[in-house]
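Subject: Structure for your review

Dear colleague,

Please find below the structure that I am handing over to you. I would be grateful if you would look through it alongside the notes in this message.

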Amino acid sequence: GKIVVWTRVYVAPEGFEHEAPYISAIVEFENKKRMSAQVVDCDENDLKEGQEVVAVIRRIGKAAPDELIQYGVKVKPV
């Protein structure tokens with residue numbers, strides 16, 4: 001996909017406070033579908049609109065030793 005627009009999130013929603021600040025983007029895929037996703041493995045100085053990204057599976061939450069680890073889709077620059 002490609003980044004349509006991105007921003008840095010400083011105040012995260014409940015449950016994601018440990019990840020702030022982070023970069024969030026709206027990504028448009030080849031099928032013209034759009035989704036909001038966290039951008040990982042990048043420096044915000046290197047990000048630009050139209051930049052190509054790929055979807056990756058990453059951990060999305062903290063888990064206690066007796067809990068399941070949650071995973072979700074994030075994107076990273078190519």
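The notes below describe the strands and then the salt bridges. Please bear in mind that this is a predicted model.

Strand β1 covers residues 2–9, and strand β2 covers residues 22–28. These two strands run antiparallel and are joined by seven bridges. To see the pairing in the model, you may look at Thr7, which stands opposite Ser24 in β2.

Strand β2 also pairs with β3, again in the antiparallel sense, and here there are six bridges. Ile26 has Ser36 in β3 as its bridge partner. Together, β2 and β3 form a hairpin with five residues between them. Within that turn, Lys32 has a positive phi of about 70°.

Is strand β2 largely enclosed, or is it open? Five of its seven residues are buried, so the rest of the structure largely encloses β2. A residue is called buried when its relative accessible area is under 20%.

**The salt bridges**

How many salt bridges does the structure hold? There are four, and three of them are described here. As background, side chains of opposite charge can pair when their charged atoms come close.

One of them links the side chains of Arg8 and Glu44, with an N to O distance of 2.3 Å. Arg8 belongs to strand β1, whereas Glu44 sits in the loop between β3 (34–39) and β4 (53–59), so this pair ties together parts that are 36 residues apart in sequence. Arg8 is partly exposed, at a relative accessible area of 24%, and Glu44 is partly exposed as well, at 29%.

Another joins the side chains of Arg58 and Asp41, at 2.6 Å from N to O. Arg58 is part of strand β4 and Asp41 is in the loop between β3 and β4, so the pair connects parts that are 17 residues apart in sequence. Arg58 is partly exposed, with a relative accessible area of 27%. Asp41 has a relative accessibility of 52% and counts as exposed, since the cut-off for that word is over 50%.

A further salt bridge is formed by the side chains of Glu28 and Arg34, 2.9 Å apart from N to O. Glu28 is partly exposed, with a relative accessible area of 23%, while Arg34 is exposed, with 53%.

Yours sincerely,
A colleague

Methods:
Residues numbered from 1 in each chain as written. Predicted model: local features only at pLDDT ≥ 70, side-chain atom pairs only at ≥ 80, totals over all residues. Heavy atoms only, no water. Helix = DSSP H or I, 4+ residues; strand = E, 2+ residues; numbered from the N terminus. Buried < 20%, exposed > 50% of the residue type's maximum accessible area, 1.4 Å probe, protein only. Pairing = 2+ DSSP bridges.
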